[in-house]
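Reader: I would like to go through the charged side chains of this model. Could you take my questions one at a time?
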Amino acid sequence: MSQYAIQNPTTKKVLKRGYEPVRVWLGGWYGGWRVKTGRKWQYIYVISTGTLKKFKVNDKKKVKLL
């Protein structure tokens, strides 16, 4: 289990832990939360795969806020 995983995740639990809930395009829209944002890359934990994915910060087409 990843250190960023939340058991039975809800928007309230995600916000309480300091993460930002997002939707990610991976051949379909999937829910997750933004774990870390740098100058060029953002790291997002995707619930369905249980992994951390890396996207460019200005990639507005693939990452949307809830």
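Reader: Which residues gather in a patch of positive charge on the surface?
Author: In this predicted model, the patch is formed by Lys12, Lys13, Lys16 and Arg17. Patch members have over 30% relative accessible area and no salt bridge, with like charges joined within 9 Å. Lys and Arg count as positive, and the charge is placed at NZ of Lys or CZ of Arg.

Reader: Is lysine 16 buried or exposed?
Author: Lysine 16 counts as exposed because its relative accessibility is 77%; exposed means over 50%, buried under 20% and partly exposed in between, with a 1.4 Å probe and protein chains only. Lysine 16 belongs to helix α1, residues 11–16, a helix being a DSSP run (H or I) of at least four residues.

Reader: What cut-offs and numbering apply?
Author: Local features need pLDDT of at least 70, and side-chain atom pairs count only at pLDDT 80 or more, while totals for chains, interfaces and linings use all residues. Residues are numbered from 1 along each chain, and side-chain values use heavy atoms, without hydrogens and water.

Reader: How many salt bridges does the structure hold?
Author: One, where a salt bridge is a side-chain nitrogen of Lys or Arg within 4 Å of a carboxyl oxygen of Asp or Glu. Glutamate 20 pairs with arginine 34, and their closest N and O atoms are 2.7 Å apart. The partners are 14 residues apart, in strand β1 (residues 20–25) and strand β2 (residues 29–37) respectively; strands are DSSP runs (E) of at least two residues.

Reader: And how accessible are the two partners?
Author: Glutamate 20 is partly exposed because its relative accessibility is 33%, whereas arginine 34, at 16%, is buried.

How values were computed
Patches are made of residues with over 30% relative accessible area and no salt bridge: like charges are joined within 9 Å, nonpolar side chains (Val, Leu, Ile, Met, Phe, Trp, Tyr) within 5 Å. Accessible areas come from the Shrake-Rupley method with a 1.4 Å probe; for residues, only the protein chains shown count as cover.
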